[in-house]
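Please open the structure in your viewer and keep the selection tool at hand. The stops below move from one selection to the next.

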Amino acid sequence: MALPIPKVSLRGGNLFETALSALVVLVAIGFLVFIFQRTGTGHLGSYPLRIRMTDASGLVVGSDIRLGGTKIGSVTDLWLDKSDYSAVVEAQIRDDLALPVDSRGSISSSTLSNPYLSIAPGHAAQKVRPDGEIGTRPARR
């Protein structure tokens, strides 16, 4: 017994199907634009920043850096400063943010996420420059 052969029409779709498809594409593009604007993930510029801390346990290259729960950058390198045994985190931060020089970093995590570096902004009027450093060196004993 032979299988039935479907009837294929060379005629294109009707105008309603074309308009509906275009509307679906426009709604999807509008949704993506809305998400990028609301989450800030569409921002492309960044600057390097070093964050000095006493403990960077749990951080790895690629970890998020957050300010107020919002991702503002990522970790690009980690190392130990042998002169004072402090952890130094090299990061890329969004260039539309200027952090006060007295800002501090700490490790945080939530139930469903990996550890991330949380920045607590300071209150100084002076802002840290690109390729600058926040955090303090440990006191010598």
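Begin by selecting His 123, which sits in the loop between β6 (116-120) and β7 (132-134), where strands are DSSP runs of type E with at least two residues, helices are runs of H or I with at least four, and both are numbered from the N terminus. The model is predicted, so local features need pLDDT of at least 70 and side-chain atom pairs count only at pLDDT 80 or more, while totals for chains, interfaces and linings use all residues. Residues are numbered from 1 along each chain as its sequence is written, and side-chain values use heavy atoms, with hydrogens and water left out.

His 123 counts as exposed because its relative accessibility is 78%; buried means under 20% relative accessible area, exposed over 50%, and partly exposed in between, with a 1.4 Å probe and protein chains only. Leaving aside neighbours within four places in sequence, His 123 is in contact with Pro 100 and Asp 102, contact meaning heavy atoms within 4.5 Å. If you also select Val 101, you will find it 22 residues from His 123 in sequence and 8.3 Å away in space, C-alpha to C-alpha.

Stay in the loop between β6 and β7 and select Asp 131, which has a positive phi of about 70° although it is not a glycine, and which counts as partly exposed because its relative accessibility is 44%. Then go to Tyr 85 in the loop between β3 and β4; Tyr 85 is not a glycine either, yet has a positive phi of about 60°.

Next, select strand β2 (residues 64-67), which pairs with β3 in the antiparallel sense over four bridges, pairing requiring that DSSP finds at least two bridges between the strands. Within this pair, Arg 66 stands opposite Lys 71 in β3, and in the hairpin, with two residues between the strands, Gly 68 takes a positive phi near 65°. β2 also pairs with β6, in the parallel sense and over three bridges, and there Leu 67 stands opposite Ile 119 in β6.

Finally, turn to the largest nonpolar core, which has 18 residues, with Leu 49, Ile 65, Val 89 and Ile 119 among those with the most contacts inside it; such a core is a set of buried Ala, Val, Leu, Ile, Met, Phe, Trp, Tyr and Cys residues joined through side-chain atoms within 4.5 Å. At least two residues of this core come from each of β1 (46-53), β3 (70-81), β4 (86-94) and β6.
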